[in-house]
Every structure is written in structure tokens, then in C-alpha cells.
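Me: I have a structure open and would like to go through it. Can we take it piece by piece?
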Amino acid sequence: MPGDAAWMQRAIQQAEIARSLHEVPIGAVIVCTNELYAEAHNLTRSNSDPTAHAELLAIREAARRQGDWRLTDATLYVTLEPCAMCAGAMVLARIERLVFASADPKAGMCGSLGNLVQDARLNHRMQITSGVLADEAAELLRSFFRERR
């Protein structure tokens, strides 16, 4: 049974696919009861869609596969701390647990700038585990942006 590091490695593989498409290298994987339900990578540039973040694409696919918008048994693995849009979608989807690699001090809403996914004022909160394979995920982002300068 794969653990957090194995699932995060799969999310990093998705981030590498995004990088090969000249997208910001962020990947996401959704697991329900230790079974892969969805995986995705950023496609904002390819799709000319500002909402085509890895997390949203994975949530859409997992909900479609499950036939229900509630992903109450799901864990979402993502290589970068989710932004406000993705954090909000995770709350709406009732994701049970979030595991992210690197913190995002500029846009992260799961502990850095705020913590939308654990806000007591909302009707759903989730468990968070951070820092899983953080160095590897952060280096992928750093090298991507270094090459673009």
C-alpha cells in the first residue's frame, strides 16, 4: 500500500509533464481508499484557462469518475500549496485530507497567506500534511523559473 511519499512522487511526475509542455510544473493526484482516482497537471497556458490548475482538473476528474461531487474519502496530493481558488474548490468537494510538498508564501491559502481549508467558519475542514518531498518539488519550480529568465 503506497504511502504519502509514493503518491507525492506520482504528483511530481505530473508536474514534470506540465514542465515538458512549458506549463508551470505543478502536479496533483487524488487517492480514495488507497486507489488512484485522478491525476493532472497545470494546463493554464495550453488551455488558455486561468482555472486549469492541477488541483481543479484532478477534482473534476475524480468527481466524474466517482459520479458524485463529494469526495469525502479523498486525499489530494499536490506539489505546491494550493491557491485560494483551489483551496475553495477542495472545501466545496469535501476533500478529507490535503498533502502538499512545498509551501507557497506568495499565494498559498493552506497555511502560508491564510488557511481556507481549515477555517472554522466554513462547513468543511480537512487535515493537512505539508513538506512531503518538498525539496524535490521546490527544485522543479526553481529550475523552471530560472530557465525562463
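Predicted model: local features only at pLDDT ≥ 70, side-chain atom pairs only at ≥ 80, totals over all residues.

Me: Start with β1. Is it buried or exposed?
Reply: Strand β1, residues 27–32, is mostly covered, with six of its six residues buried.

Me: Which way do its side chains point?
Reply: Gly27, Val29 and Val31 point one way from β1, while Ala28, Ile30 and Cys32 point the other way. In a regular strand the side chains alternate between the two faces of the sheet.

Me: In which sense do β1 and β2 pair?
Reply: Antiparallel, over six bridges, with β2 being residues 35–41. Cys32 stands opposite Glu35 in β2.

Me: And what sits between those two strands?
Reply: They form a hairpin with two residues between the strands, and Thr33 takes a positive phi near 50 degrees there.

Me: How many bridges with β3?
Reply: Five, and β1 and β3 (residues 74–80) also run in the antiparallel sense. The bridge partner of Val29 in β3 is Tyr77.

Me: New topic. How much space is in the largest pocket?
Reply: About 530 Å³.

Me: Which residues lie nearest its centre?
Reply: Val24, Leu80, Asp104, Leu141 and Phe145, out of 22 residues that line the largest pocket.

Me: Which element gives the largest share of that lining?
Reply: Helix α5, residues 134–148, which supplies five residues.

Me: What about the lining by class?
Reply: The lining of the largest pocket has eleven nonpolar, seven charged and four polar residues.

Key. Residues numbered from 1 in each chain as written. Heavy atoms only, no water. 1 Å grid on protein atoms, 1.4 Å probe; cavity = no way out; pocket = protein on both sides within 12 Å on 5 of 7 lines; lining within 4 Å. Points joined across faces, edges and corners; volume = space filled by probe spheres on them. Helix = DSSP H or I, 4+ residues; strand = E, 2+ residues; numbered from the N terminus. Nonpolar A, V, L, I, M, F, W, Y, C, P; charged D, E, K, R; others polar. Buried < 20%, exposed > 50% of the residue type's maximum accessible area, 1.4 Å probe, protein only. Pairing = 2+ DSSP bridges.
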